[in-house]
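Please read this briefing with the sequence and the structure side by side. The points are grouped by topic.

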Amino acid sequence: MSSKPRIAVILGSTRDSRFGDAPAEWIFNRAKARADWDVELVDLKSFDLPLFNEVASNAWVPSEDTAARDWQAAIARFDGFIFVTPEYNRSITGALKNALDQAYVEWNRKAFGIVSYGSVGGTRAAEHLRSIGIELQMVSTRSAVHIGGTDFFSVHPLGGDPKPIESLEGSIGGSADSMLEELDWWTRATIAART
């Protein structure tokens, strides 16, 4: 265990035209402002993961694919996670689901928070992500950040003349603070329990 909890902000969209950079940088900067965490931005686009094609989960047998093993080693270093995901067809992105499937033991008994976005705030994606987290033996925060409705279209290029995401502080700042506080508590609790 590191002296400070290590938190990964995982950017869950890999599309060239993705919007996810803005909320990922925003929550990364808020998390990094905490003096009691080490925070790193982890971009799924940097890992070039193949579609899951192993004999079984690494809970049962070691993964054979080098990219999968590199991904497992990368996430094993962290004590907690913040997933940043859009909602695609009422769920998370295929890239994020594949990344979650490419590991198992590295997610176990760790906490996570969610920043989701889309016309309805990515709420259905967040709920799917929480269900996946349960299967991976993870702990989700109660609070999450949902960027939706007129807020979403005010910062997304589809809305016309996008404002910076910081313009939403009044709408989503409190949710972010709550999520980060809960993530701190659960991360420290799971670190202690794993130790």
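**Arg 130 and the chain around it**

The side chain of Arg 130 makes a polar contact with the side chain of Glu 127, at 2.7 Å. A polar contact is a pair of N or O atoms within 3.5 Å; within protein, one must be able to donate a hydrogen and the other to accept it, and residues adjacent in sequence count only if both atoms are side-chain atoms. The model is predicted: local features need pLDDT of at least 70, side-chain atom pairs count only at pLDDT 80 or more, and totals for chains, interfaces and linings use all residues. Residues are numbered from 1 along each chain as its sequence is written, and side-chain values use heavy atoms, with hydrogens and water left out.

**Arg 130**

- Arg 130 lies in helix 4, residues 123-135; helices (H or I, at least four residues) and strands (E, at least two) are DSSP runs, numbered from the N terminus.
- Arg 130 is buried, because its relative accessible area is 15%; buried means under 20%, exposed over 50%, and partly exposed in between (1.4 Å probe, protein chains only).
- Apart from neighbours within four places in sequence, Arg 130 is in contact with Phe 112, Ile 114, Ser 140, Thr 141, Arg 142, Ser 143 and Ala 144, where contact means heavy atoms within 4.5 Å.

**The chain as a whole**

- The chain has 6 helices and 6 strands.
- Along the sequence they follow the pattern β-α-β-α-β-α-β-α-β-β-α-α.
- The radius of gyration is 16 Å, close to the 16 Å that the globule rule gives for 195 residues, so the chain is as compact as a globular protein of that length. This radius is taken over C-alpha atoms, and the rule is 2.2 Å times the number of residues to the power 0.38.
- Along the principal axes, the C-alpha atoms fill a box of roughly 50 × 35 × 25 Å.
- Of the 195 residues, 51% count as buried.
- Among contacts between residues at least 6 apart in sequence, 80% join residues at least 24 apart.
- The accessible surface of the chain is about 9,300 Å², and 52% of that belongs to carbon and sulfur atoms. Accessible areas come from the Shrake-Rupley method with a 1.4 Å probe; for residues, only the protein chains shown count as cover.

**The loop between strand 2 and helix 2**

- Glu 54 is found in the loop between strand 2 and helix 2.
- Glu 54 counts as buried because its relative accessibility is 15%.
- A polar atom of the Glu 54 side chain lies 2.7 Å from the backbone nitrogen of Glu 64, and the Glu 54 side chain also reaches the backbone nitrogen of Asp 65, at 3.1 Å.
- Glu 54 and Asp 65 are 11 residues apart in sequence, and their C-alpha atoms are 7.6 Å apart in space.
- Not counting residues up to four places away in sequence, Glu 54 touches Ser 63, Glu 64, Asp 65 and Ala 68.
- Val 55 is in the loop between strand 2 (38-43) and helix 2 (66-76), and Val 55 is exposed because its relative accessible area is 69%.

**Asp 38**

- Asp 38 has its place in strand 2 and counts as partly exposed because its relative accessibility is 33%.
- Leaving aside neighbours within four places in sequence, Asp 38 is in contact with Lys 4, Pro 5, Arg 6 and Ile 7.
- Asp 38 and Gly 133 are 95 residues apart along the chain, and their C-alpha atoms are separated by 22 Å.
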